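The sequence and the structure come first.

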Amino acid sequence: MTMLCCEPESEQAASSALLAAAFDAFPDKDYCLLTLPPDSPEVALLGTFTRLLPPPGSALLHVLYLCHRFALLDQLQVQPGDRTQLEGVQALLMDTVDMAASMAAFTAGIAANSAFVVSCEGQVVGMAAIQPITDLSHLQRNFHTIQVAGLTEDDAADHRSVQLTAICLNPIFVHRARQVLLDVLKRCKARMMLFHLQPDRPAPEALKVFRQVSPRHTVTHTADSTEAGFALFVFYPELPGKITVNSHVVIVGASDCGLSVIETLVLHERLQFSALTLLAPRGLHTGASNAHYTAELLQQLGLHATVNILSVELVDINSEEQCVILADKRKVQYGLLLLAVGLDTNDTLLQQQLKGHNFISSRDLLGSIAKDVANMDSIVVYGPAFEALTAMGQLEAAGVDMLRVQHWELVEQGSSLSTLLRGAAPLAGVTLPETIQVTAIACGAAEDGCKTELTAALTTGSTYSQAADLVVVAGGQDRGMVPKCIQDAGEVGGLVCDGRLVVDAAFRTKDPKIFAAGTVATFSRRYGSGLSHSLYNSREVGQRAADSIAASFSSPFLGDSALPKLTCGRVATTALPSGGSFMCASAAGTRPPGSLDSQGGRALVSSTQGGYFHITLDSNNCMQSLIFCTSGPQPNLTPTMLLPLAGLPITYLNDLLHAHDTGRVADLPEYLKQPWAGLLYHDLFPQLRASLIEEVLDRGQPVQELDSNRVAVNSECAIADVQSEVIDFMKQQGPADFPQYDVSVFVS
C-alpha cells in the first residue's frame, strides 16, 4: 500500500472497505504491507494490521505493518472449550514457546468450565483459560491496585475479577484481541481480567490491549507476606486506549536512573512506546547494595514484555545518522537517545598502569565475577573505604575468603562517606577491615607472569609489595568522568561537557535528539552552580527525564523551562563485617556531611546496642542527613525507611526535638519504628505531602510559604483540612498498608 486518503469522520469504515477492495484487486496475494514514518500517527486502518518488530541493527527507519486477507473476516466466535477441541488447540499452540504451559492451563480450564476457544469458519484460531480470584491482598501489597477502579476485595469475593492463565491467538487475528477478551468476560460474567506475566514466560501478543499496573516501591513485607515475582496487567471494558509512539527511543545504561526512565515510559498514562531499547552491557544489576531496582522489583516490571534489552557495550554515537554503534559492530537507530550511564574512574592507576593486567572496576564486579574467583589466593581492593567495603561485600557473597582480600586506599582519595563510616563504625562497635594507606602506587607483571605485582609507597615512608590475582578498583557513585566514547562523540556532535554532560531543564543536550540524566549529567550553569544530577535521587531524576521525553512527542518544542522540582533525598548503604550495615541518607541537592560534627545546625545522636544513629539538622531544622551504623542485622529499619525522612522538617518526627532534649528518647532507631511513623514510610507519602502543600496554597487559606518544599499552616481550618485529607488517604490505602491503625473507624 503506497497511499491512503480518507475523510476523518468516515476513516474507519472507508479504510476497511478500501482494504477489502485492494485484496479483491489482487486475488493471488494474501498479505498487504504498509510502512509508516516513526513520527507519524497511526491511522484507523492499522487496527487491522500487525506491527512487525525489526531485528536489532536493522537499517529500516520506518515502521512495518502486515495484514493477511483473512484478517478482514468477521465471523469470530468465542465459546466454552471442551475435549473435542483439544486437537485444534494443540495445533494452534504447535511450536509456540509456551506450548506446554498453555496446554496445561487449557486442560485444567476444561475441568473447571473456565476454558474458551476462538473459532473462525470452523477452525480454531484462538484459546484462553481463566481462573477466579478470591484474594487480592497479595496483589495490593505489591502493586498499586488502588489506581485501578473497581479492583477491590468485594470484586474478588463476587468473582467479578478473574485471572487469565493462558491466551493464544493466530497472528492473523491478534488485532481482534480486545473483542475476544470482552466476549470471555461476558461469558464468565466478570468485569475485570488480570494477567500475571512470569519472568520466565514470553509475553502474549494479546497483552497489548492490557494496562500494566505499576509495582509498589519500598514495601515492607510482614512475616506472612511475600513479594510478587511477576508483572501485573489488567483489562476491563472501560479501559482507555493509549496513543502509540513508534519513534525508537534508546536508553543507554541500566543504572537506577536509566531503569527509572524505562519504568516511567512503560507505565505512561497516555502514551504507548512501542520501540524502547535499553543498552545494559552488564545486565540488569540485581544485587548491588545501593541499587533501588532489586531483582523482585525488576520482575514486577516485566521489562521483557515491553523493552528490547541488549547486553552490549556502547562504543560510539553517530548523531548525523541518528544511530549508536555497539561493541559487536551493530548499529541501532534512534529517534531519541537518552544517556544514563555511570562514570568511568578517573584514577591514573586504572587508566595507565593496570591496562593489560587482571583488574576490574567495582561497577563491573557484580555482573562479571568469574566462577573461580573464590579460589584466588590474593585480591586487592583499591579505593575509598565506603566504596571498597561495598566491593568486598560482593566478593564475600561470591564465596571469597576475606582473609585473602586486602584494602588499599590512596591518602587523598578518601570520600565523605568513607569519613563518616570511619567515624560511626567504632561508635557502633564495628571493627572495619584493616586498610593499607598509600601515597603512591605502581604495578607490573609478577614473576610468575600470571599475577599483578603492586608496589605502594606507605605513609610511613617505606614500600610494600603484593602479588595479586585480581585488582578491584572501587570508585564512588559521583566520582569519575564521562565515558570516553561519549566524550569523543560529543566533540563531533557538539555536546558540551563541564565535568559532566551539560543539559537544560528538559534534560536535553545541545543535540535536541540526545538527552542525558543521572550521574553522567549536570544542569547548565545558567540555572546556578553545583547542579550535578548525582546530588539528587536517581529514581526521581529518571522520572523527570522521562516526563520530558514523553512531552517531546506531544510538543516538540519544550521551551527553556524552569528546573524540574527534585525533592526526594538519596541514600547510600554498604554491608559491614558480621552482618552489620552502614546507611547515609542525604537531602536533595546536598552532599553527605564531611564529618559527624554538625555544620550550621545541630545533631541528634543515640548510641545503643541497636547501633549508632545520627541526625544532622540544618539551620531551618530540616533533616539534612541521617546516618545509621549497626554491628548486626536490623531488618526493621531499612535504607528505604531513612530515605523519605531526608529533607523533611524535624517536626514530622512527633516532637522529637523536645523529647530528645529532655532525655525521653535514648534510642533513635527504636523511636523511628513506633506506629505513629508508619505513614512517613508509605511509598506514596511523598506524593501525598506534595499534593497537600499544593492544595493548601491553592485554597488561599492563611499559610506561610517558607520555601518551595515547606509551608507553615497556622489556621485551625487549614489544619483540619490537612488532617481530613490524611485520614482519607489512609482509608483509601486500606488496613493492609497501616496494620498499626484501625483504619476502618476513621471518620472524616
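## The parallel sheet

In this predicted model, Leu279 stands opposite Leu310 of strand 15. Strand 14, residues 276–279, runs parallel to strand 15, and four bridges join the two. Both strands belong to an open sheet of five strands with parallel pairing, in the order 15-14-12-19-28. Strand 15 (307–310) and strand 28 (514–516) are the edge strands; each has a single partner strand, so one side of each is left without a neighbour in the sheet. From one strand to the next, the twist averages 20 degrees.

Two helices lie across this sheet. Helix 7 lies across strand 12, strand 14, strand 15 and strand 19 (336–339), and its direction is at about 155 degrees to strand 12. Helix 14, residues 538–554, lies across strand 12, strand 19 and strand 28, at about 170 degrees to strand 19.

## Helix 7

Another open sheet has seven strands in the order 4-5-6-7-8-10-9, with mixed pairing. At its edges are strand 4 (76–80) and strand 9 (211–213), each of which pairs on one side only. The twist of this sheet averages 35 degrees from one strand to the next.

Within the sheet, strand 8 (residues 192–197) pairs with strand 10 (residues 231–235) in the antiparallel sense, over five bridges. Leu194 has Val234 of strand 10 as its bridge partner. Helix 6, residues 177–187, packs on the sheet and touches strand 4, strand 5, strand 6, strand 7, strand 8 and strand 10. The direction of helix 6 makes about 30 degrees with that of strand 4. Helix 2, residues 86–93, lies across strand 5 (115–120), strand 6 (123–132) and strand 7 (161–169), running at about 100 degrees to strand 6.

Strand 3 (residues 63–68) pairs with strand 1 (residues 31–36) in the antiparallel sense, over six bridges. In this pairing, Leu36 stands opposite Val63 of strand 3.

Strand 3 also pairs with strand 2 (residues 50–52), again in the antiparallel sense, over three bridges. Here Arg51 stands opposite Tyr65 of strand 3.

## Helices 18 and 19

Two packed helices are described by the angle between their axes and the distance between the axes. For helix 18 (residues 685–698) and helix 19 (residues 716–733), the axes come within 11 Å and cross at roughly 145 degrees. This crossing is right-handed.

Which residues make the contact between the two helices? Helix 18 contributes Leu688, Leu692, Glu695 and Val696, while helix 19 contributes Val722, Glu725, Val726 and Phe729. By class, the contact has six nonpolar residues, two charged residues and no polar ones.

## Two buried residues

Ser247 is in the loop between strand 11 (243–245) and strand 12 (249–252). Is Ser247 buried or exposed? Its relative accessibility is 11%, so Ser247 counts as buried, the cut-off being under 20%. Apart from neighbours within four places in sequence, Ser247 is in contact with Pro38, Ala275, Gly335 and Phe553.

Cys629 is in strand 34, residues 623–630. Cys629 is also buried, with a relative accessible area of 0%. Leaving out neighbours within four places in sequence, Cys629 is in contact with Ala424, Ala425, Ala428, Val430, Leu576, Ser581, Phe582, Gly611 and Tyr612. One of these, Ala424, is 205 residues from Cys629 in sequence, yet the C-alpha atoms are 6.3 Å apart in space.

## The chain as a whole

The chain has 19 helices and 36 strands. Of its 748 residues, 49% count as buried. The accessible surface of the chain comes to about 34,000 Å², and carbon and sulfur atoms account for 52% of that surface.

Among contacts in the chain with a separation of 6 or more, 68% are between residues 24 or more positions apart.

Definitions and conventions. Residues are numbered from 1 along each chain as its sequence is written. This is a predicted model: local features need pLDDT of at least 70, side-chain atom pairs count only at pLDDT 80 or more; totals for chains, interfaces and linings use all residues. Side-chain values use heavy atoms; hydrogens and water are left out. Buried means under 20% relative accessible area, exposed over 50%, partly exposed in between (1.4 Å probe, protein chains only). Contact means heavy atoms within 4.5 Å. Accessible areas come from the Shrake-Rupley method with a 1.4 Å probe; for residues, only the protein chains shown count as cover. Axes are lines fitted to C-alpha atoms, for helices over the stretch in contact, and angles run from 0 to 180 degrees between N-to-C directions. A crossing is left-handed if the near helix is turned anticlockwise from the far one by less than a right angle, and right-handed if clockwise. Ala, Val, Leu, Ile, Met, Phe, Trp, Tyr, Cys and Pro count as nonpolar, Asp, Glu, Lys and Arg as charged, and the others, Gly among them, as polar. Two strands pair if DSSP finds at least two bridges between them.
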